[in-house]
Amino acid sequence: MRKAIVYALVHHGNTDKIVKSIAEECQVDLIDAVKQSDADLRSYDMIGFASGIYFSKFHQSILKFAEKNLSDDKKVFLICTYGGSANYRSIEQILDKKHASVVGKFGCKGYDTFGPFKLVGGIAKGHPDDKDIQNAVEFVKDL
Ligand SMILES: Cc1cc2nc3c(=O)[nH]c(=O)nc-3n(C[C@H](O)[C@H](O)[C@H](O)COP(=O)(O)O)c2cc1C
C-alpha cells in the first residue's frame with residue numbers, strides 16, 4: 001500500500017518532527033507543501049495531510065495543495081499539532097468536495113509562542129514529546 005504525507009514546516013517545526021519520525025518507521029513518501037505546490041497523488045492508496053493549526057485552520061499551503069492536487073474518492077488521514085485544540089474543519093471542507101474518505105485523525109499539542117503566548121514563554125512547551133511522537137507513529141502503522 002503506497003502512502004504519502006503532505007505536510008508544512010512552519011512555526012516551530014512541531015508537525016515536521018512528527019512526520020519525519022513517521023517516515024523513519026513507516027513506508028511513506030513526504031511532500032513539503034511549502035516548497036512544492038504540486039504533486040501527482042493518483043498512484044497513492046492513502047494520503048495524509050499534516051499541519052499545525054493557524055487561526056483554527058490547517059496551514060494555507062496544505063489547503064491549497066489539497067484543493068489543487070487531490071483527486072476524487074481518495075482515502076485520507078489527518079495529522080495536526082496545536083497550541084490549544086485540534087480543528088480539522090478547514091481541510092474536511094475540501095475533502096468533502098472531493099468525496100474523500102477520512103480513515104483516521106491524529107492530533108497532539110505543539111509548542112506555541114504565537115502573539116501573547118510568547119510573553120509567558122509559550123504554551124504546550126516540550127510538545128510534541130516522545131510519547132506524542134510514538135502515538136503518531138502507532139497511528140500511521142495501524143491505518
Ligand atoms: C500564527 C499562528 C496562529 C495559531 N493559531 C492557533 C489556533 O487557532 N489554535 C491553536 O490551537 N493553535 C494555534 N497556533 C499554535 C500552533 O498550531 C502550534 O504551535 C503548532 O504546533 C504549530 O505547528 P508547526 O510548528 O508545525 O508549524 C497558532 C500558531 C501560530 C504561529
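Predicted model: local features only at pLDDT ≥ 70, side-chain atom pairs only at ≥ 80, totals over all residues.
UniProt positions are given in the numbering used here, and its annotations may be inferred rather than shown by experiment. With that in mind, an unreviewed UniProt entry puts the feature "domain: Flavodoxin" at residues 11-97.

**The annotated span**
- Residues 11-97 are 36% helix and 26% strand.
- From end to end, the C-alpha atoms of that span sit 28 Å apart.

**Helix 2 against helix 3**
- Two packed helices are described by the angle between their axes and the distance between the axes.
- Here, helix 2 covers residues 60-69 and helix 3 covers residues 89-97; their axes come within 10 Å and cross at roughly 0 degrees.
- Angles under 35 degrees count as roughly parallel, so helix 2 and helix 3 are roughly parallel to each other.
- On the helix 2 side, the contact uses Ile62, Leu63, Ala66 and Glu67, while helix 3 brings Ser90, Ile91, Ile94 and Lys97.
- Sorted by class, that contact has five nonpolar residues, one polar and two charged.

**Around the ligand**
- The ligand has 20 residues around it, and the closest are His11, Thr15, Ile53, Tyr54 and Thr81.
- For Asn14, a side-chain N or O atom is 2.9 Å from a ligand oxygen atom.
- Ser56 works through its backbone instead: one of its backbone N or O atoms lies 2.8 Å from an oxygen atom of the ligand.

Key
Residues numbered from 1 in each chain as written. Heavy atoms only, no water. Helix = DSSP H or I, 4+ residues; strand = E, 2+ residues; numbered from the N terminus. Axes fitted to C-alpha atoms, helices over the stretch in contact; angles between N-to-C directions. Parallel < 35°, antiparallel > 145°, perpendicular 65-115°, else oblique. Contact = heavy atoms within 4.5 Å. Nonpolar A, V, L, I, M, F, W, Y, C, P; charged D, E, K, R; others polar. Near = heavy atom within 4 Å. Polar contact = N/O pair within 3.5 Å; in protein donor to acceptor, adjacent residues only side chain to side chain.
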